[in-house]
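Dear colleague,

I am handing over the structure we spoke about, placed just below, and after it I set out what was found in it. Please read the notes with the structure open beside them.

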Amino acid sequence: MRQLIAGNWKMHCLASEAVALAQGVAAGAQGIAAELLVCPTALHVAAVAQALAGTSIAVGGQDCHQARQGAHTGDISGPMLRDAGATWVILGHSERRQNHDETDELIREKTLAAVEAGLTPIVCVGETGDQRAGGQETEVVGWQLAGSLPKPFSGVVAYEPVWAIGTGKTATDADVATMHGFIREELVRQFGDAGRTIRILYGGSVRPANAAALLAIPEVGGALVGGASLNAQDFVAIARAAQAG
Ligand code: PEP
């Protein structure tokens, strides 16, 4: 399976900086075998999509509402993202789960809405540090997968241990292998054979220095990259470490 390297730019960059970052990624991306995706803030999706027109780099949102339209002040719908040029959307990121009290059920509804709008969802799951310390990581991730993914599911799952996001700590290769193996089993249990083809990204302090090792682990279908995606050279270096499939 071709690996996907996705950059989550979070609430970073003014419009001109986002366009420059996208152009920097495009300039370095020649010959990269992996699929590339950048996810700027929704406000900059259109400008970044325009800057990347004619390249193979896709653009995604970082969230969308579960409704197509309506009285939802400050929210953004899947059709709006699609209209602006996005083809992907990140859903259920731990920062959304924590800062906006997003539940598995809400994420499942958003996932359905995203697919209906023509977006490919990346649904994030992952345990907190306390949950891992308590030995609950598989239980928590199992519940998140069961609750957040609609049936059928056409998208990507990102395993992002919350304690590894933006901290410089990464899960050990053995822990990543265990969790990705567990997620694969759960996907097959939930979706049968279709569960074998769902890509499972790893996210959590992926950097050029650790990317090759993480991306070589069985069942790792790519990376969701936060901090390092804000530097075009680092993001491209991570993408160069990916497997062609
Ligand atoms: C993320 O926010 O999805 C992420 C993985 O961030 P970082 O790479 O900075 O840990």
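Glu219 is partly exposed, with a relative accessibility of 34%, and this residue sits in the loop between H9 and strand S8 (222–225). Please keep in mind throughout that this is a predicted model. Most residues other than glycine have a negative phi, and most peptide bonds are trans.

Ser205 is another such residue, with a positive phi of about 55° although it is not a glycine. Ser205 belongs to the loop between strand S7 (200–203) and helix H9 (208–215), and at 8% relative accessibility it counts as buried, the cut-off for that term being under 20%. A further backbone feature is the cis peptide bond that joins Lys151 and Pro152, where omega is about -5°; Pro152 is placed in the loop between H7 and strand S6 (156–159).

Strand S7 also holds Ile200, which counts as buried at 0% relative accessibility. The contacts of Ile200, leaving aside residues up to four places away in sequence, are with Val157, His180, Ile183, Arg184, Leu187, Glu219, Val220, Gly221 and Gly222, so that the Glu219 described above, which counts as partly exposed at 34% relative accessibility, is one of the residues that Ile200 touches. Ile200 and Gly155 are 45 residues apart in sequence, and their C-alpha atoms are 9.6 Å apart in space.

The largest nonpolar core has 63 residues, of which Ile5, Leu36, Val157, Ile183 and Tyr202 touch the most other members. Helix H8 gives the largest share of this core, namely six residues. Apart from this core lies another one, of 13 residues, which includes Leu4, Cys39, Trp88 and Cys124. Returning to Leu36, and again not counting residues up to four places away in sequence, one finds that it touches Ile5, Val25, Ala29, Ser56, Ile57, Ala58, Phe235 and Ala239.

Two of the residues touched by Leu36, namely Val25 and Phe235, also take part in a helix contact, with Val25 on the H1 side and Phe235 on the H10 side. Two packed helices are described by the angle between their axes and the distance between the axes. For helix H1 (residues 15–28) and helix H10 (residues 232–240), the axes come within 9 Å and cross at roughly 40°, which makes H1 oblique to H10. The crossing of these two helices, H1 and H10, is right-handed. H1 contributes Leu21, Gly24, Val25 and Gly28 to the contact, and H10 contributes Ala232, Phe235, Val236 and Arg240; by type, these residues divide into five nonpolar, two polar and one charged.

Helix H7 (residues 137–148) and helix H8 (residues 173–191) form a further pair, with axes that come within 10 Å and cross at roughly 35°, and here too the crossing is right-handed. From H7 the contact draws on Glu137, Thr138, Val141, Gly142, Leu145 and Ala146, and from H8 on Met179, Phe182, Ile183, Glu186 and Gln190. The residues of this contact divide into six nonpolar, three polar and two charged.

The crossing of H5 and H7 is right-handed. On the H5 side the contact is made by Asp104, Glu105, Ile107, Arg108 and Thr111, and on the H7 side by Trp143, Gln144, Gly147 and Ser148, a set that divides into two nonpolar, four polar and three charged residues.

Finally, which residue of helix H5 (residues 104–116) deserves a separate note? Lys110 is found in that helix, and this lysine is buried, with a relative accessible area of 5%. Not counting residues up to four places away in sequence, Lys110 touches Asp63, Cys64, His65, Gln66, Leu91, Arg96 and Glu102. Between Lys110 and Cys39 there are 17 Å in space, C-alpha to C-alpha, and the two are 71 residues apart in sequence.

With best regards

Methods
Residues are numbered from 1 along each chain as its sequence is written. This is a predicted model: local features need pLDDT of at least 70, side-chain atom pairs count only at pLDDT 80 or more; totals for chains, interfaces and linings use all residues. Side-chain values use heavy atoms; hydrogens and water are left out. Axes are lines fitted to C-alpha atoms, for helices over the stretch in contact, and angles run from 0 to 180 degrees between N-to-C directions. Helices (H or I, at least four residues) and strands (E, at least two) are DSSP runs, numbered from the N terminus. Angles under 35 degrees count as roughly parallel, over 145 as roughly antiparallel, 65 to 115 as roughly perpendicular and the rest as oblique. A crossing is left-handed if the near helix is turned anticlockwise from the far one by less than a right angle, and right-handed if clockwise. Contact means heavy atoms within 4.5 Å. Ala, Val, Leu, Ile, Met, Phe, Trp, Tyr, Cys and Pro count as nonpolar, Asp, Glu, Lys and Arg as charged, and the others, Gly among them, as polar. Buried means under 20% relative accessible area, exposed over 50%, partly exposed in between (1.4 Å probe, protein chains only). A nonpolar core is a set of buried Ala, Val, Leu, Ile, Met, Phe, Trp, Tyr and Cys residues joined through side-chain atoms within 4.5 Å.
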